[in-house]
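Reader: Before we discuss the interface, please show me the model. I would like each term set against its definition.

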Amino acid sequence: MNTQVHHYLIVYDVAARHAEYRTFEDYEQAVAEYTKLEDTTRREPLEREVVLLSADSIETIKRTHSSYFPTDGSFEQLLPPGVLQPR
Amino acid sequence: MEFSKGAVDRAARLILDVWQLPPGPDGELPAGGPGMDELVRAMTAVTWWRGLHTGPLTKVAANLRYHVAKEGGQIDGRIDVSQRLKRRPTMIDKLAREPQMNLTQMADIGGVRARLPSLAHVQAVSRRLAKTWTVVRTRDYVTHPKASGYRAIHHVVRRDGRLIEVQLRTVRQDAWANQVEDDGRDRGVGFKFGFGAPEVHAYYVVMAEAFEALDRGRQLTPDLVARLNEAFTAARPLLPRTAFRP
């Protein structure tokens, strides 16, 4: 089973809760770009996170690294309905 | 360009030292620390070491996809396996948190994650890996959850001389971990590392307990539901609001 893996260089904007990403087929090239983005600041600002993730599709990344792709949903949704009734 | 392990470890320490000094005026390098040339060389050594993990990481992820498929671990017909090459700031921050650790001993520079449909799948895939791979360390956070509530099974495997960390999680365990990370980023507080208000952590712990019960096919007991609601009420003002946080 040979799955084609793609590389996604993700730049997550914390305030906007939004991820932009670029897709690479060549891992070395993706790593080089990753390093370049990291080099622009000595220490990363809190407003932004850069990360290099790889999978068969961006859909898989959205499922395994959902914190970079927030929706209106949250883990409370995984409780049976009606369980949470805050005062 | 190549570096010895010692040179890589010294380079990582140098970056950490620079980050821990107060910056000079206008964001310049701290006075009395290393110069720009030295810092750039250190960054190069650290990223070179990280780059050595890409091949082994890809192989481990491909093997994991195979094992997940063999155990019928697809979710909605998909195999949820991904890999990540650790962020440089996180590598250096980890050295700050664990001063005894050297960068070349860090086991999760290359990380692979599988999101699986059930606890039985997590355990079955875990057993399979233990049988067929060179596992150098296992952390069973299902049997022994972290104090934070974190649950998963982690294996550190050696592939082509490099250490790669494999995380196996149920859908609920994965949602929990991602939510803690997302909340922390949103609030600018390292909830994931135990920082922030105790009310928030108490809520995460009870929520993880509830997810564990559901993962084991149990009903939530009235006591657990009561504790969950109490914890949620206390944590709610400190958490980001979403449509599903009533």
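Author: Buried area is the accessible area (1.4 Å probe) that two parts lose on being put together, summed over both. For chain B and chain A it is about 4900 Å², with 55% from carbon and sulfur atoms. This is a predicted model, in which local features need pLDDT of at least 70 and side-chain atom pairs count only at pLDDT 80 or more, while totals for chains, interfaces and linings use all residues. Residues are numbered from 1 along each chain as its sequence is written, and side-chain values use heavy atoms, with hydrogens and water left out.

Reader: How many residues of chain B are in contact with chain A?

Author: Contact means heavy atoms within 4.5 Å. By that rule 64 residues of chain B touch 48 residues of chain A.

Reader: What makes E49(A) and R87(B) a salt bridge?

Author: The term requires a side-chain nitrogen of Lys or Arg within 4 Å of a carboxyl oxygen of Asp or Glu. The N to O distance here is 3.8 Å, so the pair qualifies.

Reader: Why are strand β3 of chain A and strand β1 of chain B called paired?

Author: Strands (E, at least two residues) are DSSP runs, numbered from the N terminus. Two of them pair if DSSP finds at least two bridges between them. Strand β3 (residues 48-55) of chain A and strand β1 (residues 80-85) of chain B have three bridges, in the antiparallel sense, and therefore meet the rule. Within this pairing, S54(A) stands opposite Q83(B).

Terms used
Chains lettered and ligands numbered in written order. Helix = DSSP H or I, 4+ residues; strand = E, 2+ residues; numbered from the N terminus.
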